[in-house]
Amino acid sequence: MIYLSELLTNFLVGDIETKYDKVAYFYIVYKVLSSILFWGVILSIAFFTKNYYYVVYSLALILFRKYTG
């Protein structure tokens, strides 16, 4: 995941002069990729098992965690 994030950051940003900017872009790409991977796994489990409670449960937990700290 880190390697893929580095590749995408280098592809999207290219050669950036400050290291701080590159680290910030890397963090954004890493967070987006991890979110996509998480939802991809949850949705594929729900799709293959025909049980959509995984999606509702995960969404409820994420929203609960987001607003309660």
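Visitor: How many residues does helix α3 have, and what does it reach from its first C-alpha to its last?

Guide: In this predicted model, helix α3 runs over residues 53–68, and its 16 residues reach 22 Å from the first C-alpha to the last, which is close to the 22 Å expected at 1.5 Å a residue. Just after α3 comes Gly69, which takes a positive phi of about 90°.

Visitor: What is the count of buried residues in α3?

Guide: Buried is a matter of relative accessible area, the cut-off being under 20%. By that reading α3 is hardly covered, since the count of buried residues among its 16 residues is 1.

Visitor: Is Lys31 buried, exposed or partly exposed, and why?

Guide: The class called partly exposed lies between the buried limit of 20% and the exposed limit of 50%. Lys31, whose place is in helix α2 (residues 19–49), is partly exposed because its relative accessible area is 45%.

Visitor: Which residues form the nonpolar patch on the surface?

Guide: Residues of such a patch have over 30% relative accessible area. Here the nonpolar patch is formed by Met1, Ile2, Tyr30, Leu37, Val41, Ile45 and Tyr54, which together have about 610 Å² of accessible area; its largest share, 4 residues, comes from α2.

Visitor: Where does Ile2 lie, and why does Ile2 count as it does in terms of accessibility?

Guide: Ile2 lies in helix α1, residues 2–13, and Ile2 counts as partly exposed because its relative accessibility is 49%.

Note on methods: Residues are numbered from 1 along each chain as its sequence is written. This is a predicted model: local features need pLDDT of at least 70, side-chain atom pairs count only at pLDDT 80 or more; totals for chains, interfaces and linings use all residues. Side-chain values use heavy atoms; hydrogens and water are left out. Helices (H or I, at least four residues) and strands (E, at least two) are DSSP runs, numbered from the N terminus. The expected span of a helix is 1.5 Å times one less than its number of residues. Buried means under 20% relative accessible area, exposed over 50%, partly exposed in between (1.4 Å probe, protein chains only). Patches are made of residues with over 30% relative accessible area and no salt bridge: like charges are joined within 9 Å, nonpolar side chains (Val, Leu, Ile, Met, Phe, Trp, Tyr) within 5 Å. Accessible areas come from the Shrake-Rupley method with a 1.4 Å probe; for residues, only the protein chains shown count as cover. A salt bridge is a side-chain nitrogen of Lys or Arg within 4 Å of a carboxyl oxygen of Asp or Glu.
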